[in-house]
Amino acid sequence: MAQYPERKWYTGMLSTEDWWAVWIAVGFFFISLLNIWGIDLVGWMTYPTKWVFSPPEGGKGAIGHAFYALGKKYSVTAKGFYKGLGWWSVIWSYVIFGAALTIGAASMKWNVKKFIGGFTIIYFMTIATWFIGHHAFIAATKVNMHKYGLNFALNLGGGGSFILALIVGLIIGNFFKGFASYLSEAAKPEWYIKTAIVTLGVKLGYLPIKLSAMSQKLGKEAAGLTFDLFVAGAAATVVAYLIFWPGVYVISRKIFKLPRKTAAVLGSGISICGVSAAVATGGAVRAKPVVSIMVSALVVVWAVIELVILPGFFTHVWPGTKDPLVAGASMGMAVKTDGADAAAGELLDEFMRTKIEVETNGAVKWPEGIITASAVMTKVWIDMFIGIWAFVLALIWVYKFERREGERVPASEVWHRFPKFVIGYFFCWFFLLAIYFGPGQSGAPEAMPFLKTVKAGAVPVEKGMRKLFFMLTFMSLGIITDFKKLREAQFGKMVWVYFVALFGFIIPVAILIGYLFHHGMTLPNIAQYVK
Amino acid sequence: MAEEKKEISGTGSLTGEALEAEDVLAGAEEWSSTETWLVVGSFIAAIIALVIGMILVPTSILH
Amino acid sequence: MVIYASIRHDGKNWVVENDHFRVEASTLDEIDEKVRDAVREKTPEARGQKVQVYMAYDNYAIPQWIRQYSSHYFDRVIEF
């Protein structure tokens, strides 16, 4: 007999992707901290490096070293062991991450057998595209291509792998639908990206520690910069959302003559956070779930189109390397769904860093991840804000438009809609900041040996795990994106509302507001400290 | 009961294709004053947030 | 007293159910009416008391691919 218990504040802690993103990422983060006590249990996390078929004499790029365990470079206590792993780190990562994700899948009552099968295929396809994308012809820049014996390279950095993963995923999702449906149990871009975003919290907290090793001043600058992004992102998103939503609502109602509820759900879906907002708003206005589902299907497809267009546009047309954080913040406000946005931010990060390096002939290098962080920061704020906005809409709908006798809106709705992975993101970030400012003595030289142990743990998580989960996101985003959905007749009107609102209203406003709050922010130059 | 729910969870019982969407797209209500209030209120809140934000946020173009 | 139930939409109707009753209707107005009747009929101890029915949306009725984005649709509360 089924039980119908009250929904408590902790309901869903073991049965939702949101919470499982937190458990998995924070779990590995804590395990990584054991490095402080000399126990390195995360050095096996795999990472690719650029390769060529025939490396030049004395040059780089042997295929045998194309994947390595990050502990080889960063471990303090087990460097030798992790050095020996080489390509085996791919298998170690498969088994350990696969096991962690399967525990999550089982707790969420997914079909475990199907999940393991799907994940195995997705994982190894991801590794294959990661490997191919790191061929020096694709990933090298004109600054470092000579090390691999090349006279020409595509200058894509790590972005090439992401694009490749997305393309492979899209081919499967659009041309091999039976296969895509088999993989669907494990093609969960949103779960992977939420996990990756929590590890991005590790990255943000680790950034000052990393730069301290170069100079204490740079470390402090990095801590200040991330905090600035936090504040500017909050202000920008609140302003943007309060302009986006009514704008799209009016366009839907007045120009496209849609009913109130549909317009409200579209308003949220197109405005910023896509599917989660469409579901939240659909619930808030008591729409039939089909409204949210239709809007969601559109959101997912349009988000991928944005992901393909915007990073290149921002890098090569405007604002280019002059205002990388305006581009990042605008991306966060313009690209729907956490997965597509974080992915677009990561792509932008790769493109921008590669571009500045090429433009200045290696004289300027930016630390990786800050531009991604700027794109995710605005998104994280909006994910939180939607819960409050949905509550406001629920009050208006329940008490104004559709007054029903005795109906109340429980305030607990705000918490139930709160994106829980955000807690993990902030937790990891602030935990590492506390280590940096506390025992790390703000990067003072005498604290360096201690900070090095923190680094040994943090790097595999913020670099290896994060990038792998980004790759999984790109691949599975492609797999679940079926462009045919846009052609279905019943979506006709909504497809046009979406197109008009997105390109005529949302993206320009996002860029303007991103500019107002982030113009002139600069990234630290680390060229003199890195090879 | 639990079994039945599990089945639903596997595929998702609702898809856009399976449902007639007519009533979702048609039958727009008259524009009401509450909507004006909601839209205008939201824009006004945006302007207030923009002004306060520009003053308080150290990286805004006012600084 | 508080009575807990789940609510979902099956594509055609709203469905509210718990261990004691199950009702369906195409609009929320109708469903509320039916819930009131069902509670009065099946829960004699609620008679004469102020009753709150807490309907939690059954997430398993949301397609699985969407659940990863948002795990909460709505909870409705009616009092009578």
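1. In this predicted model, strand β3 of chain A (residues 407-408) pairs with β5(C) in the antiparallel sense, over two bridges. Strands are DSSP runs of E of at least two residues, helices are runs of H or I of at least four, and both are numbered from the N terminus. Two strands count as paired if DSSP finds at least two bridges between them. Within β5(C), C:Ile78 is the bridge partner of A:Glu407.

2. β5(C) also pairs with strand β4 of chain C (residues 52-57), again antiparallel, over five bridges. Here C:Glu79 of β5(C) stands opposite C:Gln52.

3. Strand β5 of chain C spans residues 75-79 and is mostly covered, with five of its five residues buried. Buried means under 20% relative accessible area, exposed over 50% and partly exposed in between, with a 1.4 Å probe and protein chains only.

4. In a regular strand, side chains alternate between the two faces of the sheet. From β5(C), C:Asp75, C:Val77 and C:Glu79 point one way, while C:Arg76 and C:Ile78 point the other way; all are buried.

5. Chain B has three helices and zero strands, in the order α-α-α along the sequence. Of its 63 residues, 37% are buried. The chain exposes about 3,900 Å², of which carbon and sulfur atoms supply 66%. Accessible areas come from the Shrake-Rupley method with a 1.4 Å probe; for residues, only the protein chains shown count as cover.

6. Residues are numbered from 1 along each chain as its sequence is written, and chains are lettered from A and ligands numbered from 1 in the order in which they are written. Local features need pLDDT of at least 70, side-chain atom pairs count only at pLDDT 80 or more, and totals for chains, interfaces and linings use all residues, while side-chain values use heavy atoms, leaving out hydrogens and water.
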